[in-house]
Structure formats: structure tokens, C-alpha cells
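Colleague: Could you walk me through this model? I have some questions ready.

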Amino acid sequence: MAFNLTRSLCGRSLGRSLSHQLNGIRSPINPMVRTVSLKIVPPPEHEKLPYEEKNAFLKREMSPHLTIYKFQITSVLSITHRFTGMALSGYAAALGIGALVLPYDFAAFVTMVEGLHLSAASLAVIKFTLAYPAAFHTCNGVRHLFWDMGKFLKLKEVYSTGYLMLGVSFALAALLAAM
């Protein structure tokens, strides 16, 4: 009932306002409304093609991909920040699960590593490799905190703080490895 009432009210107002513009046939339901016939046009043949063939048919170029872009330190530092965060999560999970599952405490593993008789250079490289993700992630996190405060957001400052952060994180990791 409400649908018919709405249709008839809308139909009358539409019929009054647009009756002079429509040159169609009068509706058998409401003689005040004129109907317009529509012709349905099928889509062109290239619309039915798969995506790659359609683009070839329309002579569209492929979308750009990573191999054509110029190296940017900003994107590399962003990706590295995410990877170091995942590495630190892996460290925490491995240490936590190891502490729960393994029968020995941490001192036993230190004794085991000392028993391997590794050279000082080998130990320094291993310690640096383990310390660098923490140093990098911490320094880059501080850099992001400055960005959150609205500091160092000009392009030149973004690059200079990126290089500074790399140097400081390298020095911090070397300091941690020397302990």
C-alpha cells in the first residue's frame, strides 16, 4: 500500500515536471506519467577479455614496478625498520620459549659458547649481528618520535636524519658488541 502511494505521488510530480520533455507513451498505470523506452547496448568485445589481453588491445603500458624506481634511503629505512621489529619479536619469542622448554639456564648456554673456542673476531661479528636490529630499531624509533612532534619533516632533514640514524645505530651496535 505504502509503495503504491509513494509511486503514485512521485509519478504525478515527475509527470507534471517532465511531461513536456518526454515524448514517450503514456503509462497504463498512471496516465500522467510518460514512459521512455531504453535500448540496452552490449559492452564492447574488449570488455569481455581478460585483464592482460584487454590492456594489450587498448595499447596500455604495464604498471611500473620496483625495478624501475630510483633507490631511496627513506623507503629502505622504512622496510628495514619493519624487518628489525620482526627480528626483535623473534628474539623475544625464542628466548621466552627457550626459557620455558629447555632444561638448562642461560649460564649453561654461555658456557657452551665458550667451549666452542671461537675467535674474538667471530664472537664480535655474532654479537654485532644480534645487537644491530635492537640498535637500529631503537634509533629509528626515536627518529619517528621526532617526526610525530613535527620536527625534521623537510626532505633534506629526512635524509640527513636517516644518515645520522644509520651512523648512531652502527656505533651503538658496535658498543653493545664490545661488551
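Colleague: Which residues make up the largest nonpolar core?

Modeller: A nonpolar core is a set of buried Ala, Val, Leu, Ile, Met, Phe, Trp, Tyr and Cys residues joined through side-chain atoms within 4.5 Å. Buried means under 20% relative accessible area, exposed over 50%, and partly exposed in between, with a 1.4 Å probe and protein chains only. By that rule, the largest such core has five residues in all: Ile73, Leu77, Phe136, Cys139 and Met165.

Colleague: Before we go on, what should I know about the model and its numbering?

Modeller: Happy to say: this is a predicted model, where local features need pLDDT of at least 70, side-chain atom pairs count only at pLDDT 80 or more, and totals for chains, interfaces and linings use all residues. Side-chain values use heavy atoms, with hydrogens and water left out, and residues are numbered along each chain as its sequence is written, from 1.

Colleague: Thanks! Which residues does Met165 contact, leaving aside its neighbours within four places in sequence?

Modeller: Contact means heavy atoms within 4.5 Å. Met165 is itself one of the core residues. With the sequence neighbours set aside, its partners are Leu77, Phe136, Cys139, Asn140 and Arg143.

Colleague: Is Ser169 buried or exposed?

Modeller: Ser169 sits in helix H6, which covers residues 155-178. Beyond its neighbours within four places in sequence, Ser169 is in contact with Tyr132, Ala135, Phe136 and Cys139. Because its relative accessibility is 0%, Ser169 counts as buried.

Colleague: Which backbone oxygen does the side chain of Ser169 reach?

Modeller: A polar contact is a pair of N or O atoms within 3.5 Å; within protein, one must be able to donate a hydrogen and the other to accept it, and residues adjacent in sequence count only if both atoms are side-chain atoms. For the side chain of Ser169, the distance is 3.0 Å, and the backbone oxygen belongs to Leu166.

Colleague: Turning to the surface, which helix gives the most to the nonpolar patch?

Modeller: The patch is formed by Met112, Val113, Leu116, Leu118, Leu123, Ile126 and Leu130, with about 600 Å² of accessible area together. Helices H4 (106-115) and H5 (120-148) each supply at least two of its residues. The top contributor, with three residues, is H5.

Colleague: What is the phi of His117 near?

Modeller: His117 is in the loop between H4 and H5, and counts as exposed because its relative accessible area is 69%. Its phi is positive, in a residue other than glycine, and is near 55°.

Colleague: And what is the phi of Phe152 near?

Modeller: Phe152 is placed in the loop between H5 and H6. With 35% relative accessibility, Phe152 is partly exposed. This residue, other than glycine, also has a positive phi, near 60°.

Colleague: Finally, in what order do the elements of the protein run?

Modeller: There are six helices and two strands in the protein. From the N terminus on, the order is α-β-β-α-α-α-α-α.

Key: Patch = residues over 30% accessible without salt bridge, like charges linked within 9 Å, V, L, I, M, F, W, Y side chains within 5 Å. Areas by Shrake-Rupley, 256 points an atom, 1.4 Å probe, with all protein chains shown as cover. Salt bridge = Lys/Arg side-chain N within 4 Å of Asp/Glu carboxyl O. Helix = DSSP H or I, 4+ residues; strand = E, 2+ residues; numbered from the N terminus.
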